[in-house]
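Let's walk through this fold together, starting from its inside. Have the sequence and the model open as you read.

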Amino acid sequence: MTEESILPERRRSVRFRAAKPATRLVGRDSLPCLMRDFSAGGARLRLENPGIVPDDFELRIGHANPRPCRIVWRAQHQLGIAFVDRAN
């Protein structure tokens with residue numbers, strides 16, 4: 001058995017695999033990353049150094065308008081993010 005088959009599913013939304021280019025917007029800086037999967041509530045990003053990303057930032061997926069995000073977990077070269085309502 002793998003670890004994935006043992007752990008219960010905790011996500012509220014169905015997650016879809018992806019390989020979409022995205023851009024993290026931090027202040028005046030725009031830093032490229034790759035969205036590996038996503039759902040209505042968040043996404044998993046692949047990037048070179050997840051340690052330098054602040055907990056709150058905006059993410060532009062493709063040419064869409066940026067979405068505010070909050071980091072929920074960090075791992076080597078990956079971030080789990082939640083999309084945040086602009087009212088929060």
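**Inside the fold**

The largest nonpolar core here is built from 14 residues, and Leu-45, Phe-57, Leu-59, Leu-79 and Ile-81 have the most contacts inside it. A nonpolar core is a set of buried Ala, Val, Leu, Ile, Met, Phe, Trp, Tyr and Cys residues joined through side-chain atoms within 4.5 Å. At least two of its residues come from each of β2 (29–38), β3 (42–46), β4 (56–61), β5 (67–75) and β6 (78–83), and β6 gives the most, with three. Strands are DSSP runs of E, at least two residues long, numbered from the N terminus.

Keep in mind that this is a predicted model: local features need pLDDT of at least 70, side-chain atom pairs count only at pLDDT 80 or more, and totals for chains, interfaces and linings use all residues. Residues are numbered from 1 along each chain as its sequence is written, and side-chain values use heavy atoms, with hydrogens and water left out.

Now look at Cys-33, which sits in strand β2. Cys-33 counts as buried because its relative accessibility is 10%, and buried means under 20% relative accessible area (1.4 Å probe, protein chains only). Leaving out residues up to four places away in sequence, Cys-33 touches Leu-45 and Leu-59, among others; contact means heavy atoms within 4.5 Å. His-77 is 44 residues from Cys-33 along the chain, yet their C-alpha atoms are separated by 9.9 Å.

Leu-59, for its part, has contacts beyond four places in sequence that include Ala-22, Pro-66, Arg-67, Ile-81 and Phe-83.

What lies over the face of Phe-83? Arg-67 does, at 3.8 Å from the ring centre; the rule is CZ of Arg, or NZ of Lys, within 6 Å of the ring centre and within 35 degrees of the ring normal.

Definitions and conventions
Buried means under 20% relative accessible area, exposed over 50%, partly exposed in between (1.4 Å probe, protein chains only). Helices (H or I, at least four residues) and strands (E, at least two) are DSSP runs, numbered from the N terminus.
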